[in-house]
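The following questions ask what lies behind the terms used for a structure. Each reply sets a value against the definition that applies.

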Amino acid sequence: MNLLIQGGRVIDPSQGIDEVLDMLVENGIVKELGKGLKAPAGAETIDASGLIVTPGLIDMHVHLRDPGLEYKEDIITGTKAAAAGGFTSVACMPNTKPVNDNKAVTSYIIAKAKAEGAVNVFPVGSITQGSRGELLSEMGELKESGCVAVSDDGHPVTNSELMRRALEYAKGMGIMVISHAEDLSLVGTGVMNEGYVSTELGLKGIPWAAEDAATARDVYLAEFTDSPIHIAHVSTKGSLRIIRNAKARGVKVTCETAPHYFSLTDDAVRGYDTNAKMNPPLRTADDVTAVKEALKDGTIDAIATDHAPHHIDEKDVEFNEALNGIVGLETSLTLSLKLVEEGVLTLPVLVEKMAYNPAKILGIDRGTLKPGSVADITVIDPNATWTVDADKLASKSKNSPFLGWEMKGAAALTIVGGKVVYRRG
Amino acid sequence: MGFKHKDIIALKDLSKDEIELLISTAENMREINSRDIKKVPTLRGKTIINLFYESSTRTRTSFEIAGKRLSADTVNITASTSSATKGETLLDTAKNLEAMKPDIVVMRHAVSGSHYFLSKRLSCSIINAGDGAHEHPSQGLLDMLTMKDRYGRLDGLKVAIVGDITHSRVARSDIAGLTKMGSHVFLAGPPTMMPPGVERLGNVTVCTTMKEAIQDADVVMMLRIQQERQGKTLIPNTREYSRYYGLNPENLKWAKPGAMVMHPGPINRGVELSSYVADGASSHVLKQVENGVAVRMAMLYHVSGGTLVTE
């Protein structure tokens, strides 16, 4: 199936393009960008006037829960949610059952995604065997079988010496380490950000220092070992300051934040809403401001959702008992477009953070519309209005703090390898 | 004026008028408790379930007696004998209990906010007998009633609360209630036990020393230290704690002459409160317990749709 995407505003940071152009897709490859292109015989013409055409968006941090936790999500529903959210690629974290610490699990994920998934799935292997923080995983074989990074996401590597060795060893294998930066002893039994709201609600707080201290450790270890490191889901002002300073002195550190960290504060926990419970926790207005500044000044490289589906039985419980995490694939783009509306980011910079940079960080051949590249394309309708409705989410789980929110902006069309996998109804 | 709420979960959710109504009803209820036959038919035919997920002697007994004095049928369930140990969720337990048509569920639960969680899902009345570190409204009300008995007012009182504020639901209910009623609350305790932003909860001053807090206080409220629950990292030991944050006849002299000493119980004698003070003339600890029954009668009465008793 060949496509002619006509008259859209094409934004491609990899080529410095931001103008109204036509795009021709042939045999799953971007063939040509230009004005007045003619559709070859048999090609579908897509009228993209008033729409934005970008390299397929990439969410470098999701939990697909497959294998083992399919009651929350699986590769089919998770990739459907991704497609509906405008994502053509996702990187899935290894905290499945069993943990993705070996070739067998990686191969299973890749095979199932290829056969039944709507979008590209790039597995992330674990840093340590079973993510238990004791012994290094077989990072060489993980990489060879298709993992794009390693992470013990969900658990920090608490042993600093082991983290040092992980960074060194991963460097030798040419695979990047993604750090879940959290000092567990400071977190203790905390269930939300420590601050005025936790005081008022009588809930045990998690201090920002728990994230900052761990971010500092991992940044210093990356500097010491001269290894690249990516810090996942950054939520605090302090962590961003640490990363900003490290970047300035040449440390190979990149980082991501999630839409909820620039869209919500710990105020959302009032009423004990378990859909506002995640890790790291929602922080204060000060942190939200810092996250936006860091998006603007480039300290934050990527926006990733930390899409964490949980069954209703795991959320419809007392606050302390509820599991951490929210679904995010289907609300990420619209919440991020708000940043453009607020003047925090320009559209091309937003596309950098949602497509170009994630591809670069993970070292995958996506995030570009250069002729000859795989035709992963997202067509965005910036003016579409819609309401987040649990019944309409493609994800198997509905644990979103944004249910009922009126949104502006949505994916109109998600194209993976030249094939339309999602079309907004 | 009637009471509009189905539930009583937190004093911070009640208006000054509603708190006043509960206190004045409790004052009237006290008369029943002093009779020879301590029973009125007010809640005859009503069923009250006391569902306690945490151990309690005082509060549970007090709620049970309160219900019985109003002629309600009361049933007590404690977590050790309930299906909680069989892995049933709180929601399932509550729905099953509701199927038996109780009018009021009085619950104590270790997780803050559990009562709001149930309130949205059940139609019977819910009274909070303590949730995590959030609130303990009946304690807050009985504390205020006890203070009012002594001073005839709450407005303008200087109330010192000393101890582990972070983990104290009593402190939160006292702060919410007292500051609404016009008292000024002074907090003291080790910084490891002082929650961030607590001064924003009302007319609250956080003090660096115990002396600062209890200086010229009308009321000194001492909180129980529970090292087993509150974590072992907060203080070196109870010996040093009692030296800097315990109330004894010596430092009690800093307070106003004749100041009240209160404690929600159970007391750790010799830790936060010396026995000389606990058993001394300024102690109102047992008066608090006595008032507890009247306050809980008032709470049960008002969530059942009662209007002010005028005799």
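Q: What makes two strands a pair?
A: Two strands pair if DSSP finds at least two bridges between them. The model here is predicted, and in it six bridges join β1 (residues 47–52) of chain B to β2(B). The definition asks for at least two bridges, so these strands count as paired. They run parallel. Opposite Phe52(B) stands Thr78(B) of β2(B).

Q: What is the order of the strands in the open sheet of chain B, and which are the edge strands?
A: The order is β2-β1-β3-β4 (chain B), four strands with parallel pairing. The edge strands are β2 (73–78) and β4 (125–131) of chain B, since each of them pairs on one side only. With direction ignored, neighbouring strands of this sheet are turned by 15° against each other on average.

Q: Which helix packs on this sheet, and which strands does the helix touch?
A: Helix α11 (residues 285–303) of chain B packs there, touching β1, β3 (104–109) and β4 of chain B. The direction of α11 makes about 150° with that of β4(B).

Q: Why is α8(A) called roughly parallel to α10(A)?
A: Helix α8 (residues 237–248) and helix α10 (residues 285–297) of chain A pack at an angle of about 25°. Angles under 35 degrees count as roughly parallel, and therefore α8(A) is roughly parallel to α10(A). Their axes are 8 Å apart.

Q: Which residues make the contact of α8(A) with α10(A), and how do they divide by class?
A: From α8(A) come Lys237(A), Leu240(A) and Arg244(A). From α10(A) come Asp286(A), Asp287(A), Ala290(A), Val291(A) and Ala294(A). By class there are four nonpolar and four charged residues, with no polar ones.

Q: Why is α1(B) called roughly perpendicular to α5(B)?
A: The axes of helix α1 (residues 16–33) and helix α5 (residues 137–151) of chain B cross at roughly 65°. The range for roughly perpendicular is 65 to 115 degrees, so α1(B) is placed in that class relative to α5(B). The two axes come within 10 Å.

Q: Is the crossing of α1(B) and α5(B) left-handed or right-handed?
A: The crossing of these two helices is right-handed. Leu22(B), Ile23(B) and Ala26(B) of α1(B) meet Leu141(B), Met144(B), Leu145(B) and Lys148(B) of α5(B) in the contact. Six of the contact residues are nonpolar, one is charged and none is polar.

Q: How is chain A divided, and what touches across the division?
A: Domain 1 of chain A takes in 3–52 + 374–423, and domain 2 takes in 56–362. The C-alpha centres of the two domains lie 25 Å apart. In the contact, 30 residues of domain 1 of chain A meet 41 residues of domain 2 of chain A. On the domain 1 side, β16 (377–387), β17 (406–416) and β18 (419–423) of chain A each supply at least two residues. The largest share, eight residues, comes from β17(A). That side of domain 1 has 18 nonpolar, eight polar and four charged residues.

Q: How many residues of chain B are in contact with chain A, and which helix of chain B gives the most?
A: There are 21 residues of chain B in contact with 16 residues of chain A. Helices α3 (90–99), α4 (114–119) and α6 (169–180) of chain B each supply at least two residues of this side. α4(B) gives the most, with three residues. The side of chain B that touches chain A divides into ten nonpolar, seven polar and four charged residues.

Technical notes:
Residues are numbered from 1 along each chain as its sequence is written. Chains are lettered from A and ligands numbered from 1 in the order in which they are written. This is a predicted model: local features need pLDDT of at least 70, side-chain atom pairs count only at pLDDT 80 or more; totals for chains, interfaces and linings use all residues. Two residues are in contact if their C-beta atoms, placed from the backbone, lie within 7 Å. Ala, Val, Leu, Ile, Met, Phe, Trp, Tyr, Cys and Pro count as nonpolar, Asp, Glu, Lys and Arg as charged, and the others, Gly among them, as polar. Axes are lines fitted to C-alpha atoms, for helices over the stretch in contact, and angles run from 0 to 180 degrees between N-to-C directions. Domain bounds come from an automatic or database domain assignment. Angles under 35 degrees count as roughly parallel, over 145 as roughly antiparallel, 65 to 115 as roughly perpendicular and the rest as oblique. A crossing is left-handed if the near helix is turned anticlockwise from the far one by less than a right angle, and right-handed if clockwise.
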